[in-house]
Amino acid sequence: MGLSVGVSGVVALCAGVAAWLVLARDHGRRAGALFGQETARPVRQVRWARAGARVWQRLAGRWEWLCPVAASVVAVLGQSVLPLPAGVAAVPLVRRWLRRRARGRERERRAAGVVALCGAVVGELRAGHEPGQALLVAVRDTGALGAAEAGVSAAARFGGDVPAALRQAAREPGLEGLAGVAACWRVAVDGGAGLAAGLDRLEGALRAELRSRAELRAQLAGAWSTVAVLALLPVLGLGLGAALGADPLRVLLHTPAGLACLVTGGLMEGAGLCWAARIVRAGEAA
């Protein structure tokens, strides 16, 4: 019952603040329309807005710090300090997970950039440009190489070893396709084969690989959704218990049996998530 009252109070407070903000905005608009100009906001409101914007900019991309905030809310509702250490301990785990996801997105973006680079070089070659000039234009237009752009551009501009520069750039995650570009370049220089034809076939192969990866992610999306639903079931159970007036947080945080159930359930939840994630990642790697 206490948890239900606390939740109701928080909801009522948020609703009141939202209504006040809406009314204040409507009042400002009406005054501006009446006098032909916008009303000047108080200096204090401007300072608070700027401070909030600075805080938001610092927290953007650091969503792992929401774990202590959520733990603080649970601690207040459950009237216990036990959730606070758990929230702090979850910060490095969530940070590592977010960084892994960011690296995966960056890797996919770079792989797509290599495909675009191949197509751009082929277009420049068929337009009549020399291979080095075509590579320079394609690298500049696509921006697919990132930090490796300087080495490849320097080799192409000053007559250096372009295949070696491409192989060096291919060591970075997501740029593995540049090894094929280096091979095509080497064959074209040493054997006289057509560079445009080789890069055209390489572009088709890399595009097909990206398409197969996208299809695999779409097939595994259902598995990841199942993992997420299973992870949220305990939270749903707590919500149902609170709605029925059982006050599950008090039982879990203030009784020996509840603490034992909380620790055991948390360990089993973590082990289940790790196991399910490992199975899905094995499917992705295959």
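Is Gln 79 buried or exposed? Gln 79 counts as exposed, because its relative accessibility is 66%. (Buried means under 20% relative accessible area, exposed over 50%, and partly exposed in between, with a 1.4 Å probe and protein chains only.) This is a predicted model: local features need pLDDT of at least 70, side-chain atom pairs count only at pLDDT 80 or more, and totals for chains, interfaces and linings use all residues. Residues are numbered from 1 along each chain as its sequence is written, and side-chain values use heavy atoms, leaving out hydrogens and water.

**The chain overall**
- The protein chain has eleven helices and zero strands. Helices (H or I, at least four residues) and strands (E, at least two) are DSSP runs, numbered from the N terminus.
- Of its 286 residues, 26% count as buried.
- Take the contacts between residues at least 6 apart in sequence: 56% of them join residues at least 24 apart. Contact means heavy atoms within 4.5 Å.

**Two loop residues**
- Gln 79 is not a glycine, yet it has a positive phi of about 55°. Gln 79 lies in the loop between α3 (66-78) and α4 (83-126).
- Asp 247 also has a positive phi of about 55° and is not a glycine. Its loop runs between α9 (195-243) and α10 (248-254).
- Asp 247 is buried, because its relative accessible area is 15%.

**Helices α5 and α6**
- Two packed helices are described by the angle between their axes and the distance between the axes.
- Helix α5 (residues 131-142) packs on helix α6 (residues 149-157) at an angle of about 155°, with the axes 8 Å apart. So α5 is roughly antiparallel to α6. Angles under 35 degrees count as roughly parallel, over 145 as roughly antiparallel, 65 to 115 as roughly perpendicular and the rest as oblique.
- On the α5 side, the residues that meet α6 include Leu 135, Leu 136 and Val 139. On the α6 side, Val 152 and Ala 156 are among them.

**The largest nonpolar core**
- A nonpolar core is a set of buried Ala, Val, Leu, Ile, Met, Phe, Trp, Tyr and Cys residues joined through side-chain atoms within 4.5 Å.
- The largest one has 36 residues, and Leu 135, Leu 178 and Leu 199 touch the most other members.
- Helices α4, α5, α6, α7 (162-169), α8 (178-191) and α9 each supply at least two residues of this core. Helix α4 gives the most, with eight.
- Leaving aside neighbours within four places in sequence, Leu 199 is in contact with Cys 118, Val 121, Val 122, Leu 125, Val 181 and Cys 184.

Technical notes:
Axes fitted to C-alpha atoms, helices over the stretch in contact; angles between N-to-C directions.
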